[in-house]
Amino acid sequence: MKLIPAIDLKNNKVVISTKGKNREYKLIPADLSPTSDPIEFIEYILSLNDFNTIYLADLDSIANFKVNNDIIENILLEHSNINFMVDNGVRLFSEINQYKNSNFIQVIATETFVEYSKIINNNYNDYILSADFVNGKLYSKNCGYKTIKPNKVIVMDIDNIGKKSGANINNVKKIKKIYPYSSIILSGGIGSNDDIMTAKANKISEIMLLTALLEDNITY
């Protein structure tokens with residue numbers, strides 16, 4: 001099972017969700033991390049385990065898209081040996097891959113993206129789709145997500161981010177009906193090794209999480 005630390009950034013600081021579906025966040029508390037500085041926090045995460053992939057969500061850009069963020073540029077440069085998955089809230093095809101560094105892959109989220117036809121027309125496949133669920137329903141701007149064929153899909157349970165409420169396999173089943181040939185990355189609700197075993201039993205080989213890692217609830 002591959003574990004991927006999932007880091008949310010807001011105002012260039014590391015934050016954690018307080019109420020996932022309402023997009024409410026607070027600075028990561030001292031009992032979970034010695035720092036909220038993104039670069040220092042990544043160094044701390046890497047001291048816990050030898051992770052080779054990290055997910056970054058630029059919450060400010062997700063709310064109001066901006067072409068690039070200096071802190072993400074610095075992270076990509078500082079940790080050039082790490083592969084990053086970056087969700088910066090792209091809406092349009094022209095906004096994809098604005099970062100110069102090669103050690104990241106673009107995340108396209110159903111929550112924000114609209115130009116799925118251009119993905120098809122440009123034969124573009126160097127991305128990961130984030131299927132964002134709220135209240136058990138896929139949150140999307142339009143139905144174009146059904147027309148693409150992503151290699152990987154993040155099944156993102158926004159309601160349960162940081163809550164350690166368990167793996168939501170119902171959402172996974174819904175996505176597998178749309179994308180039967182895509183690999184699944186599970187995100188939201190993972191709190192223990194039992195949740196990881198549940199994911200593994202459902203043929204999921206990658207999980208995004210953070211709180212359970214920081215609380216040392218996971219045996220690698």
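Predicted model: local features only at pLDDT ≥ 70, side-chain atom pairs only at ≥ 80, totals over all residues.
Helices and strands are DSSP runs numbered from the N terminus, a helix (H or I) having at least four residues and a strand (E) at least two. Strands β10 and β11 pair in the parallel sense over three bridges, where pairing requires that DSSP find at least two bridges between the two strands. From β10 the chain passes through α6 to β11, and this β-α-β crossover is right-handed. The term means that, with the strands pointing away from the viewer, the path from the first strand over the helix to the second runs clockwise.

Strand β9 (residues 152-157) also pairs with β10 in the parallel sense, over five bridges. Within this pairing, M156 has S187 of β10 as its bridge partner. Four of the five residues of β10 (residues 183-187) are buried, so the strand is largely enclosed by the rest of the structure. Buried denotes a relative accessible area under 20%, exposed one over 50%, and partly exposed a value in between, computed with a 1.4 Å probe on protein chains only.

## Salt bridges

The structure holds three salt bridges, each defined as a side-chain nitrogen of Lys or Arg within 4 Å of a carboxyl oxygen of Asp or Glu. In one of them, E206 is joined to K152, with 2.9 Å between the closest N and O atoms. E206 belongs to strand β11 and K152 to strand β9, so the pair ties together parts that are 54 residues apart in sequence. E206 is buried at a relative accessible area of 8%, whereas K152 is partly exposed at 28%.

K10 forms a salt bridge with D60, the closest N and O atoms lying 3.7 Å apart. This pair links distant parts of the chain, since K10 is in strand β1 and D60 in helix α2 (residues 59-63), 50 residues apart. K10 is partly exposed, with a relative accessibility of 32%. A further salt bridge joins E115 and K118, whose closest N and O atoms are 3.6 Å apart. K118 is partly exposed, at 38% relative accessible area.

## Helix α1

Helix α1 spans residues 38-48, and P38, I39, F41, I42 and I45 are buried in it. Viewed down the helix axis, the buried residues of α1 fall within an arc of 160°, so they line one face of the helix. The arc is taken from the directions that lead from the helix axis to the C-beta atoms. At the start of α1, a side-chain oxygen of D37 comes to within 3.3 Å of the backbone nitrogen of I39.

## Positive phi in two loops

N11 has a positive phi, near 55°, although it is a residue other than glycine. N11 is located in the loop between β1 (2-10) and β2 (13-19), and it is exposed, with a relative accessible area of 60%.

K203, likewise not a glycine, has a positive phi of about 60°. K203 sits in the loop between α6 (193-201) and β11 (206-209). Its relative accessible area is 76%, and K203 is therefore exposed.

## Basis of the values

Residues are numbered from 1 along each chain as its sequence is written, and side-chain values use heavy atoms, with hydrogens and water left out. Local features need pLDDT of at least 70 and side-chain atom pairs count only at pLDDT 80 or more, while totals for chains, interfaces and linings use all residues.

Key:
Polar contact = N/O pair within 3.5 Å; in protein donor to acceptor, adjacent residues only side chain to side chain.
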